Amino acid sequence: MSLNLDECYEHVLGLVESAGSLIASRNSDRKRVLEKSSNIDLLTETDQQVERLLMDGISARYPDHRFIGEEETSEGKKAELTDAPTWIIDPVDGTMNFVHSFPHSCISIALLVARTTEIAIIFNPILGQKFTARRGKGAFLNGKPIHVSGETRFAYALATTEFGTSRDEEKTAVVLENIGKLIRQIHGMRSLGSAALNMAMVALGGADFNYEFGIHAWDIAAGDLLVREAGGVCLDPAGGPLDLMSRRVLCASTQELADQVGAALTQYYPEPRD
């Protein structure tokens, strides 16, 4: 039996709104924080509760669907993307922001069917920003259509990126090298502390490109569809198709701009892959 994507979208949107209320109600509270790989790689009780709310709510309606999630894989499970309907979830993208009550945190969730992204939702409940996309149906912010800027000029582009939560010296050196190179050549650079929201800014037309090395599938799966449905491009930073499991991403308002960014970047290939 084929999956009714309209019904699926409405069901998960309701779950996301409920989970978002939980995040918003706790943003200003003191959080119980667990340090994962380091004191900047963080997990809160809210991350775990939001992921459980979303996964339980989806499984109750769609028991055969699979999941790839940040907190799920932190328990030692290997992320595996198959042709089965698969939800890729980051329950709180921007956990560091959430811990500090900096109001740029979001739920990022995407549904892939036969490895093709059909549904994407990025919801910042603290600021009331709900970005949504369906394959072939456009991208929206709070129900209103959004579109990329269309910028093609490298020197006039505003970028988004992150430093990331790894303190690996080799990766940090590449991150700083790229920032150093780009800020001398482009209009400016911003960092919201959330990979999903950075990509949403490209879809919105507020930023012109976003790149990052070391992110994960759950950081970018929803943003990928959102940017493409808003008229932009998402690809590997060295060119070629985006591989959601590669931990590398470049999205831009135009292919012309993406080509210039890719040529300027020092490349980095994180290991292991997702």
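Me: Which polar atom pair involves the side chain of Thr254?

Reply: A polar atom of the Thr254 side chain lies 2.9 Å from the backbone oxygen of Glu151. A polar contact is a pair of N or O atoms within 3.5 Å; within protein, one must be able to donate a hydrogen and the other to accept it, and residues adjacent in sequence count only if both atoms are side-chain atoms. The model is predicted: local features need pLDDT of at least 70, side-chain atom pairs count only at pLDDT 80 or more, and totals for chains, interfaces and linings use all residues. Residues are numbered from 1 along each chain as its sequence is written, and side-chain values use heavy atoms, leaving out hydrogens and water.

Me: Is Thr254 buried or exposed?

Reply: Buried means under 20% relative accessible area, exposed over 50%, partly exposed in between (1.4 Å probe, protein chains only). Thr254 has 14% relative accessibility, so it counts as buried.

Me: Where is Thr254 found?

Reply: Helices (H or I, at least four residues) and strands (E, at least two) are DSSP runs, numbered from the N terminus. Thr254 is in the loop between β14 (248-252) and α8 (255-264).

Me: How many bridges pair strand β5 with β6?

Reply: Two strands pair if DSSP finds at least two bridges between them. β5 (residues 106-113) and β6 have seven, in the antiparallel sense. Ile107 has Phe123 in β6 as its bridge partner.

Me: Which strand do six bridges join to β6?

Reply: That is β7 (residues 129-134), and the two run antiparallel. Ile122 stands opposite Phe131 in β7.

Me: Why is β6 largely enclosed?

Reply: Eight of the nine residues of β6 (residues 116-124) are buried, so the rest of the structure largely encloses this strand.
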